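This briefing covers selected local features of one protein chain. Please look over the sequence and the structure before reading on.

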Amino acid sequence: MRGEYKVPGGKLVAVDVEVESGRLAGVSVSGDFFLEPDEALEDIDAALTGMPADASVDQLAGAITGALDPGVSLIGFSADAVGVAVRRALGKATGWDDHTFDVIPATVLPPVEHVALDEVIAHEVAAGTRPPTLRFWDWDSPLVVIGSFQSYRNEIDPEGAARHGIDVVRRVSGGGAMFMEPGNCITYSLVVPSSMVEGLSFERSYAFLDEWVMAALAEVGVNAHYVPLNDIASDKGKIAGAAQKRFADGAVLHHVTMAYDIDADKMLEVLRIGREKMSDKGTKSANKRVDPMRSQTGLPREQILETFTKSFLASYRSRLSAYTDDELTEARRLVDEKFGTAEWTHRVA
């Protein structure tokens with residue numbers, strides 16, 4: 001059996017392995033990484049040989065670390081990366097090439113329905129009734145989407161929100177507020193089975209699940225890189241923030257919002273954002289717009305969305321899809337019973 005893992009920003013790790021009597025045998029680690037001294041590769045193979053076939057990534061990495069001398073240098077990879085490759089070889093963890101993805105192009109819906117669809121589709125992916133899915137948001141009305149753990153009163157100026165007719169909804173994932181007017185940002189949700197992040201920390205899974213968008217950004221002229229924990233930046237500053245939710249039934253929701261052309265004056269009247277946060281969003285003055293994707297690409301938002309969609313379709317085994325009537329009905333039910341209620345929105349006062 002063979003498993004591979006490409007370290008985000010690093011090197012490829014491959015493991016060939018057999019299982020005999022419930023334990024690893026015939027272990028051979030390879031890849032385009034660097035390792036000093038060379039002989040340490042034999043120590044890594046030996047450390048894994050005889051380990052239980054159901055050992056976790058942490059246990060496998062611990063065995064490797066414990067077997068290596070302190071002076072050994074792993075360059076472009078880590079003991080954890082080897083552990084992930086082993087788990088993939090055993091079929092316990094999966095990668096991009098192990099799935100066929102549904103891709104749903106930008107579809108105009110009330111933004112609160114997009115928030116609800118995150119939960120609907122996550123449960124479907126966990127149940128196996130829908131394959132892993134990438135979907136792009138588009139919306140017809142303004143909304144602020146706050147993170148699952150944010151304080152409503154600390155984030156929202158109710159007078160400003162009322163003056164501009166902007167509602168507030170709380171999503172299921174953590175992270176910060178999303179100020180969403182029609183056409184002002186680019187948002188997508190990626191839902192995958194938990195096996196795709198098997199053995200990955202939250203920090204590493206953010207970069208792993210956004211591998212595709214780095215290539216897509218390059219296609220629209222943006223040289224992007226990941227900034228831990230959950231930001232995407234170019235040489236001109238931050239352009240996007242990510243959020244994630246791991247569901248107990250076996251799915252991971254990962255979504256990203258990129259600023260395209262946000263009215264910073266209005267945003268400051270609706271959100272309670274300090275100077276440090278505004279600087280992080282790429283502007284030093286409320287009289288300017290937050291527009292990294294527009295200014296850095298020079299492209300219409302629709303063209304960026306189209307390029308992103310085509311880039312993903314070209315990179316992975318995938319197919320175009322759409323929302324089903326049942327999904328939209330379930331999303332609207334969740335809006336009525338959960339996401340549209342004051343109890344949910346104000347659950348962290």
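The model is predicted.

- Arg87 and Glu198 form a salt bridge whose closest N and O atoms are 2.9 Å apart. The pair links distant parts of the chain, with Arg87 in helix α3 (residues 79-89) and Glu198 in the loop between β11 (185-193) and α7 (202-209), 111 residues apart.
- Arg87 is buried, because its relative accessible area of 11% is under the 20% cut-off. Glu198 is partly exposed at 21% relative accessibility.
- The side chains of Arg332 and Glu113 meet in a salt bridge at 3.3 Å, N to O. This pair also links distant parts of the chain: Arg332 sits in helix α13 (residues 325-339) and Glu113 in helix α4 (residues 111-127), 219 residues apart.
- Arg332 is partly exposed, with a relative accessible area of 38%, whereas Glu113 is buried, with a relative accessible area of 10%.
- Arg163 forms a salt bridge with Glu269, and the closest N and O atoms are 3.3 Å apart. Arg163 belongs to helix α6 (residues 158-163) and Glu269 to helix α9 (residues 264-270), so the pair ties together parts that are 106 residues apart in sequence.
- Arg163 counts as exposed, at 53% relative accessibility, and Glu269 as partly exposed, at 31%.

**Salt-bridge network**

- A network of salt bridges links Asp102, Glu124, Arg130, Arg319 and Glu327.

**Helix α12**

- Helix α12 (residues 301-315) has 15 residues, which at 1.5 Å a residue should span 21 Å. Its end C-alpha atoms are 21 Å apart, in agreement with that value.
- The buried residues of α12 are Arg301, Ile304, Leu305, Thr307, Phe308, Thr309, Ser311 and Phe312.
- In an α-helix there are 3.6 residues a turn, so residues three or four places apart point the same way.
- Arg301 lies in helix α12 and is buried, with a relative accessible area of 4%. In space, Arg301 is 8.5 Å from Asn184, C-alpha to C-alpha, although the two are 117 residues apart in sequence.

**Negative patch on the surface**

- Glu36, Asp38, Glu39, Glu42, Asp43 and Asp69 gather in a patch of negative charge on the surface.
- Glu42, one of these residues, is in helix α1 (residues 40-48). Glu42 is exposed, because its relative accessible area of 60% is over the 50% cut-off.

**Backbone features**

- Most peptide bonds are trans, and most residues other than glycine have a negative phi.
- Leu229 is in the loop between β12 (225-227) and β13 (231-234).
- Ser21 lies in the loop between β2 (12-20) and β3 (23-31) and counts as exposed, at 81% relative accessibility.

Definitions and conventions. Residues numbered from 1 in each chain as written. Predicted model: local features only at pLDDT ≥ 70, side-chain atom pairs only at ≥ 80, totals over all residues. Heavy atoms only, no water. Helix = DSSP H or I, 4+ residues; strand = E, 2+ residues; numbered from the N terminus. Expected span 1.5 Å × (residues − 1). Buried < 20%, exposed > 50% of the residue type's maximum accessible area, 1.4 Å probe, protein only. Patch = residues over 30% accessible without salt bridge, like charges linked within 9 Å, V, L, I, M, F, W, Y side chains within 5 Å. Areas by Shrake-Rupley, 256 points an atom, 1.4 Å probe, with all protein chains shown as cover. Salt bridge = Lys/Arg side-chain N within 4 Å of Asp/Glu carboxyl O. Lys, Arg positive; Asp, Glu negative; His and termini not counted. Charge placed at Lys NZ, Arg CZ, Asp CG, Glu CD.
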